[in-house]
Amino acid sequence: MILEQERIQIVEYGKKLITSGLTKGTGGNLSIYNRERKLMAISPSGLDYFETAPEDVVIMDLEGNIVDGSRKPSSEFALHSIFYKNRSDIDAVIHTHSVFSTVLATLREGLPASSYLVAYSGMDVRCAEYASFGSSELADNAYEAMKDRYAVFLANHGLVAGALDLPNAFNIAEEIEHCAEIYYRARSIGKPMILDEDEMRKMIKKFQTYGQVK
Ligand SMILES: [Zn+2]
């Protein structure tokens with residue numbers, strides 16, 4: 001089975017998307033890019049995460065051709081491949097319908113630096129312009145709005161996070177959703193204080209050497 005390790009990890013983290021509450025039902029999708037083989041492993045379309053086996057994961061090239069797999073790939077494959085085509089610092093992408101990120105995205109708002117943890121994304125999280133799900137326009141808009149960042153909101157839709165590997169992409173999605181929830185709660189009772197650019201630059205630097213993150 002080609003890209004077996006990638007397939008196994010996609011099955012594992014698909015389940016984590018549900019158990020962590022980051023997405024519901026069959027919402028969201030995830031992929032890993034094998035840069036040596038120039039192939040991506042992506043979750044299948046509309047299949048329950050707990051029913052998905054490694055052989056259900058679809059292997060595609062970045063032009064959208066299926067290389068291996070009998071399932072239909074996630075309808076958002078363009079949203080994944082655009083990052084692998086254009087960014088060498090992203091080899092894994094997670095897209096979720098996380099509640100608090102989507103609340104902000106429904107207001108067409110990003111997430112300002114309300115917590116130092118926003119540095120997991122970068123200086124902030126922007127909200128991409130609206131486009132229909134599964135469209136190449138959605139991929140373009142997300143890519144644009146994620147420049148110099150590792151997370152982005154999709155207007156009226158959800159969240160995207162990218163990193164060099166899937167555990168880190170998952171971690172970024174979790175942290176940004178957490179920050180979005182705190183920001184939402186703070187806004188509902190007052191005016192959140194936002195960290196200044198100097199502080200955020202320091203945090204981004206610190207995060208590069210913090211903990212187990214590679
Ligand atoms: Zn979606």
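Predicted model: local features only at pLDDT ≥ 70, side-chain atom pairs only at ≥ 80, totals over all residues.

User: Which residues coordinate the zinc ion, and at what distances?
Analyst: His95, His97 and His157 do, each through NE2, at 2.0 to 2.1 Å. A donor is an N, O or S atom within 2.8 Å of the metal (3.2 Å for Na, K and Ca). The three NE2 atoms therefore meet the definition. Water is not among the atoms, so sites may look incomplete.

User: How are the donor residues spaced in sequence?
Analyst: The pattern is H-x1-H-x59-H. His95 lies in strand β5 (residues 92-96), and His157 in the loop between β7 (151-154) and β8 (158-163), so the pair ties together parts 62 residues apart in sequence. Helices (H or I, at least four residues) and strands (E, at least two) are DSSP runs, numbered from the N terminus.

User: Are His95 and His157 buried or exposed?
Analyst: Both are buried. Buried means under 20% relative accessible area, exposed means over 50%, and partly exposed is in between (1.4 Å probe, protein chains only).

User: Why is α3 called oblique to α5?
Analyst: The axes of helix α3 (residues 99-106) and helix α5 (residues 166-189) cross at roughly 60° and come within 7 Å. That angle makes α3 oblique to α5. Angles under 35 degrees count as roughly parallel, over 145 as roughly antiparallel, 65 to 115 as roughly perpendicular and the rest as oblique. Axes are lines fitted to C-alpha atoms, for helices over the stretch in contact, and angles run from 0 to 180 degrees between N-to-C directions.

User: Which residues make the contact between α3 and α5?
Analyst: Among them are Val99, Phe100 and Leu104 of α3, and Ile176, Ala180 and Tyr184 of α5. Contact means heavy atoms within 4.5 Å.

User: What is the hand of the crossing of α3 and α5?
Analyst: α3 passes α5 in a left-handed crossing. A crossing is left-handed if the near helix is turned anticlockwise from the far one by less than a right angle, and right-handed if clockwise.

User: What makes helix α2 mostly covered?
Analyst: Seven of the 10 residues of α2 (residues 77-86) are buried. They are Ala78, Leu79, His80, Ser81, Ile82, Phe83 and Tyr84. Their cover includes β1 (29-34), β2 (39-42), β5, α4 (136-145), β7 and β8.

User: How does α2 pack against α4?
Analyst: The angle is about 45°, with the axes 8 Å apart. That makes α2 oblique to α4. The contact includes Leu79 and Phe83 of α2 and Leu138 and Tyr143 of α4. α2 passes α4 in a right-handed crossing.

User: How do you know that Ser121 is buried?
Analyst: Its relative accessibility is 1%, so Ser121 counts as buried. Ser121 is found in the loop between α3 and β6 (126-128). Beyond neighbours within four places in sequence, Ser121 is in contact with Asp148, Arg149, Tyr150, Ala151 and Ile176.

User: Why does Pro44 count as buried?
Analyst: Pro44 has 8% relative accessibility, so the term applies. Pro44 lies in the loop between β2 and β3 (58-60). Leaving out residues up to four places away in sequence, Pro44 touches several residues, including Thr52, Asp56, Arg71 and Pro73.

User: What sets the phi of Asn156 apart?
Analyst: Most residues other than glycine have a negative phi. Asn156 is not a glycine, yet its phi is positive, about 55°. Asn156 sits in the loop between β7 and β8. At 38% relative accessibility, Asn156 counts as partly exposed.

Conventions. Residues numbered from 1 in each chain as written. Heavy atoms only, no water.
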